[in-house]
Amino acid sequence: MRTIIIGGVAAGMSAATRLRRLDEHRTITVYERGEHVSFANCGLPYHVGGAIPERSSLLLQTPESLARRFALDVHVRHEVTAIDPARRTVVVRDLGSGASRTEHYDDLVLATGATAAPGPSADAVPTHTLRSVEDVDRVMAVLEQAGPSPRVVVVGAGFIGLEAVENLLARDARVTLVTRGTQVLSPLDVEMAEPVLGTLRRAGVDVRLGVTVTGAQPGAVLLSDGSTVPAALVVEASGVRPDTGLARSAGVALGPSGGVAVDGRHRTSVPHVWAAGDGVEKIDHVDGAATLVTMAGLANRHGRAVADAIAGTLPDDARPALGTAVLGVLGTTVAVVGWNERRLVAAGRAHRVVHTHPSSHAGYYPGAEPMAMKLLVDAVTDQVLGAQIVGGDGVDKRIDVIAVAMTAGLTASALAQLELAYAPQYGSAKDPVNLLGNVAENTATGATATIQWHELDAARGAGATLVDVRTPAEHEAGAVPGSVNIPLDDLRARHRELPDGPVVVHCQVGQRGHTAARLLAQLGHDVRNLDGGYRTWAAGTAATSVRVDAGVGHAAA
């Protein structure tokens, strides 16, 4: 039996090595059109910045090492140009010699991944992606030729774009970040993205929101707002799309998202053809629909599952994808899982929102760092639909706990009952995840009614009184315009000062607001707590002002 695998990075090489462990007698051939296989593509930006100083560290395996250990027949710079499913053959072109040959397979695995989305029109300035070792070599060569403090334009404010920004800054580059969106990191909701934008601008990054690259001239790129930005290099990081040309020409069905459609066993619509990786559709955890999730962890997991399916040892169908991701940029950690609020609103799905602002560990232990957490919850079932966390230390730990809870089907309220490890330097007796569960339970049971930052203006327009229950010093340092300051400790004695009608209370992060809401509700007031408090409101309103001014977003820096 012979298995041919097209693509030799995450999914392809996971499939190849797993299949060898399951079947010592099968012939396994891998064709990779690039110069390297099994390289650490997630580490590429960090070689540019010097965090990974040795280029060789990125090269996890070579064709020779794979042949010795796994008896794999690996060919780099070989491109499969055609598939004949009826004859079970592929046409392979040697990119070095240009010669083509036809090879037979019993099983074929498509692991062609994704390609960069169409790049900017910047031909007069060197323009490169960061998707291969060769890309990094080209970027490093341009930077070395450009001299000290080179001017670089990064196009795209997603995960790869922000990793590129951080590592270019580490090389003392002067960076302009350009994105067509009106915020950075589109997986985040606007109030959660605002702290990341602040981090970038404080580091000296010239962030241009709501613009695109329209052209170039020697030493500069032209933007859609009419401005010109000096540039010795453009790093294209505006996104990827499934590389499906080969599959499509072979009659393999594509799904509604544009990726290769597969069943739960990673079989395509064509017999004996399997697929895994970034170019393949996944099943979304939240709604069960087909979706694209381009994450290395999923690519490796699904490549392994393809091997199990071919060998007949796969125990279960593929589990739905959560889209769990984490990013570190300039000392800020950003993590996401599941859906964001914008997507839930677009889908018309009823939901509740919880914002909290806990510390990474016990506040009395030195070094505690603040984090902003957002939990999205199904309004009917209490199912966790998604989460976003922005902060410093401990963000990755909490997003992983929530991802496990989602996989296990735990409700949002059940997060309060998780028994998590605690010592002052690692967490709190009430872990941030437990606190999310407490707030979710309060809203689910009706113990506290809440209002979101973007709903506040409408509530006040309808006659609600806004009460700031923080201290006078906190109120003086920054307040919602028009709010009435009655500190929490005085509220019991002064609540009769409040006018008739609905009341909204708020504190800094929501906790004292919850206490105030419980107190006023029992004293006969119609009251809601501003979810996430002043801190969430301030981030959300700042983000909204940036979105309004996105056409001249750089002016707001």
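Trainee: Which element gives the largest share of the lining of the second largest pocket, and how many residues does it give?

Mentor: The largest share comes from H11, with six residues. This is a predicted model, in which local features need pLDDT of at least 70 and side-chain atom pairs count only at pLDDT 80 or more, while totals for chains, interfaces and linings use all residues. Residues are numbered from 1 along each chain as its sequence is written, and side-chain values use heavy atoms, leaving out hydrogens and water.

The second largest pocket has a volume of about 610 Å³ (a pocket is an open set of points on a 1 Å grid over the protein atoms alone where a 1.4 Å probe fits, with protein on both sides within 12 Å along at least five of seven lines; lining residues have an atom within 4 Å of a point; the volume is the space filled by probe spheres set on the points, which are joined across faces, edges and corners). It is lined by 24 residues, and Thr356, Leu435, Val439, Gly510 and Gln511 are the closest to its centre. Strand S23 (351-356), helix H11 (432-445) and helix H15 (511-522) each give two or more residues to the lining (DSSP runs numbered from the N terminus: helices are H or I of at least four residues, strands E of at least two). By class, the lining has 15 polar, six nonpolar and three charged residues (Asp, Glu, Lys and Arg are charged; Ala, Val, Leu, Ile, Met, Phe, Trp, Tyr, Cys and Pro nonpolar; the others, Gly among them, polar).

Now for another element. Helix H8 (residues 296-311) has 16 residues and reaches 23 Å from its first C-alpha to its last, close to the 22 Å expected at 1.5 Å a residue (1.5 Å times one less than the number of residues). Among its buried residues are Leu298, Ala299, Val306, Ala309 and Ile310 (buried is under 20% relative accessible area, exposed over 50%, partly exposed in between, with a 1.4 Å probe and protein chains only). These buried residues of H8 pack against strands S1 (2-6), S7 (107-110), S18 (273-275) and S19 (282-283), and against helix H1 (10-22) (contact is heavy atoms within 4.5 Å).

His302 also lies in H8, and it counts as buried because its relative accessibility is 7%. Not counting residues up to four places away in sequence, His302 touches His266, Ala276, Lys282 and Ala318. Just after H8, Gly312 takes a positive phi of about 80 degrees.
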